[in-house]
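Please view the structure below first.

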Amino acid sequence: MKIITFDFEEHGDERGILISLEENKNIPFDIKRCYYMYNTQPGVSRGHHAHKSLEQVLVCVRGECKILLDDGKTRETVVLDRPNKGLYLSHLIWREMFDFSEDAVLMVLASQLYDESDYIRSYDEFLQYVQTKNGEENGL
Ligand code: TYD
């Protein structure tokens, strides 16, 4: 699985640091939605779903957390521990977010508005969906 991360440009001076995120520039899609998670309780694991078409970029703007990515074949874990690091999540990636530090604020930029019908919330259904899609792409 190809993991795509971004090192966002920091505009820093004696006052501090500023990062700007813009659609189709350093974020590779139209930004339709932004949401964030904080006050995540110890031991909590969130996500546990994939999306049929949604693309996202995750940034832990404060604190740190880990993201597990699963494309149906392999699994990788990425640590988000600095506010200038972005993780791109394409569609059809099963994701789980865990090991949130107490101060973690995980921000997500998304290519579509919230749409429950875009979610795949069962891992078995996800595996079936990916296999069917791969089969279609290979003309099967
Ligand atoms: P949920 O999908 O459970 O979050 P997770 O990413 O951990 O799987 O979302 C929690 C609640 O927030 C749920 O009631 C749906 C709601 N929600 C929105 O209203 N808009 C959104 O953009 C998102 C991501 C969630």
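## The D13–R15 pair

D13 and R15 form a salt bridge, defined as a side-chain nitrogen of Lys or Arg within 4 Å of a carboxyl oxygen of Asp or Glu. Their closest N and O atoms lie 2.7 Å apart. D13 is partly exposed, at 36% relative accessible area. R15 is exposed, at 74%. The classes are buried (under 20% relative accessible area), exposed (over 50%) and partly exposed (in between), with a 1.4 Å probe and protein chains only.

## Basis of the values

The model is predicted: local features need pLDDT of at least 70, side-chain atom pairs count only at pLDDT 80 or more, and totals for chains, interfaces and linings use all residues. Residues are numbered from 1 along each chain as its sequence is written, and side-chain values use heavy atoms, leaving out hydrogens and water.

## Two further pairs

E22 pairs with K25 in a salt bridge, with the closest N and O atoms 4.0 Å apart. E22 is partly exposed, with a relative accessible area of 40%. K25 is exposed, at 64%.

R75 and D70 also meet through their side chains in a salt bridge, 2.7 Å from N to O. Here D70 is buried, with a relative accessible area of 1%. R75 is partly exposed, at 44%.

## Overall count

How many salt bridges does the rule give? The count comes to 6. Side chains of opposite charge can pair when their charged atoms come close.
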